[in-house]
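This report goes through a single protein chain, from its overall build to individual residues. Please keep the sequence and the model in view while reading.

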Amino acid sequence: MRRKDREVTEPAEILQIAEKAKILHLGLFDGEYPYVVPLHYGYRYEEKDGSLVFIMHGAKAGHKLDLIRQNPKVCVELECDVDPISGGDIPCRYGSAYASIIGRGCAEIVEDVAEKIEALKLLMRTQTGREFEIDEKMAATVAVIKVTVPEFSAKARVMPV
């Protein structure tokens, strides 16, 4: 990381970013060009190995699922607390406050019904802060993608006072 002064290393702070950001950008391989799709997500932190696990859902058929089946290696990006920083009359002093996570991992399409149900509960908890009952019928209507991210970094730039 080039800007070590903005690096976030404390797991609790990284998890705060994952909690606040509500959209995850999933980067996939698509032949000659990358394919990036914004998705709602749920997450959990695996303390035993320090990895982040992200859960997403969507239609049971489509381009992103086809791409995951072809190559499950993915990139994820999340950001929150984005606000412009004024540079006044000096254009080069403009910037942005933010907090972000970027990481690489492996995607899989969850087939096990019990795992899908738990994944969808996690997604709803992350997105709404509420607990929901998800049944087999609900889980059967969507595809669930699980991305395990063992390699990630986080950065933040706070708004100057």
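What pattern does the protein follow when read along the sequence? The order of its elements is β-α-β-β-β-β-α-β-β-α-α-β, which comprises 4 helices and 8 strands.

## Confidence and overall build

The model is a predicted one, with a pLDDT that averages 93 over the protein, and 99% of the residues score at least 70. Among the elements, strand β2 (residues 24-30) has the highest mean pLDDT, at 98, whereas strand β1 (residues 7-8) has the lowest, at 87. Where pLDDT is low, predicted coordinates should not be read in detail.

Taken along the principal axes, the C-alpha atoms fill a box of roughly 55 × 40 × 30 Å. Of the 161 residues in the protein, 39% are buried, and the protein exposes about 9700 Å², of which carbon and sulfur atoms supply 54%. When contacts between residues at least 6 apart in sequence are considered, 69% of them join residues at least 24 apart.

## Helix α1

Helix α1 spans residues 11-20, and its buried residues are Ile14, Ile17 and Ala18. Seen down the helix axis, these buried residues fall within an arc of 100°, and they therefore line one face of α1. The exposed residues Ala12 and Gln16 are carried by the face of α1 that is turned away from the buried side.

The cover over the buried residues of α1 includes strands β1, β4, β5, β6, β7 and β8. From strand β6, where Leu78 has its place, a contact with Ala18 is among those that Leu78 makes.

## Helix α2

In helix α2 (residues 63-70), the buried residues are Lys64, Leu65, Leu67 and Ile68. They cover an arc of only 160° around the axis, which puts them on the same side of α2. On the face turned away from that buried side, α2 carries the exposed residues Arg69 and Gln70.

The packing partners of the buried residues of α2 are β2, β3 (33-39), β5 (51-58), β7 (95-110) and β8 (143-157).

Leaving aside neighbours within four places in sequence, Leu78 is in contact with Ala18, Ala21, Ile23, Leu24, Tyr41, Phe54, Ala99, Ser100 and Ile101. Ser51 is 27 residues from Leu78 along the chain, and the C-alpha atoms of the two are separated by 15 Å.

Asp81 also lies in strand β6, which covers residues 73-85. With a relative accessibility of 39%, Asp81 counts as partly exposed. The phi angle of Asp81 is near 55°, a positive value in a residue other than glycine.

## The aromatic pair

How many aromatic pairs does the count come to? The count comes to 1 aromatic pair, which is formed by Tyr41 and Phe54 in an edge-to-face arrangement, with 5.8 Å centre to centre and 75° between the planes. Since Tyr41 lies in the loop between β3 and β4 (42-46) while Phe54 lies in strand β5, the pair ties together parts that are 13 residues apart in sequence.

Gln127 lies in helix α3, which runs over residues 113-128. The side chain of Gln127 makes a polar contact with the side chain of His40, at 2.8 Å.

Not counting residues up to four places away in sequence, Glu46 touches Ser51 and Val53.

How values were computed: Residues are numbered from 1 along each chain as its sequence is written. This is a predicted model: local features need pLDDT of at least 70, side-chain atom pairs count only at pLDDT 80 or more; totals for chains, interfaces and linings use all residues. Side-chain values use heavy atoms; hydrogens and water are left out. pLDDT is the predictor's confidence in each residue, from 0 to 100. Helices (H or I, at least four residues) and strands (E, at least two) are DSSP runs, numbered from the N terminus. A polar contact is a pair of N or O atoms within 3.5 Å; within protein, one must be able to donate a hydrogen and the other to accept it, and residues adjacent in sequence count only if both atoms are side-chain atoms. Buried means under 20% relative accessible area, exposed over 50%, partly exposed in between (1.4 Å probe, protein chains only). The arc is that of the directions from the helix axis to the C-beta atoms. Contact means heavy atoms within 4.5 Å. Accessible areas come from the Shrake-Rupley method with a 1.4 Å probe; for residues, only the protein chains shown count as cover. Rings of Phe, Tyr and Trp (its six-membered ring) pair if their centres lie within 6.5 Å; planes under 30 degrees apart count as stacked, over 60 as edge-to-face and the rest as tilted.
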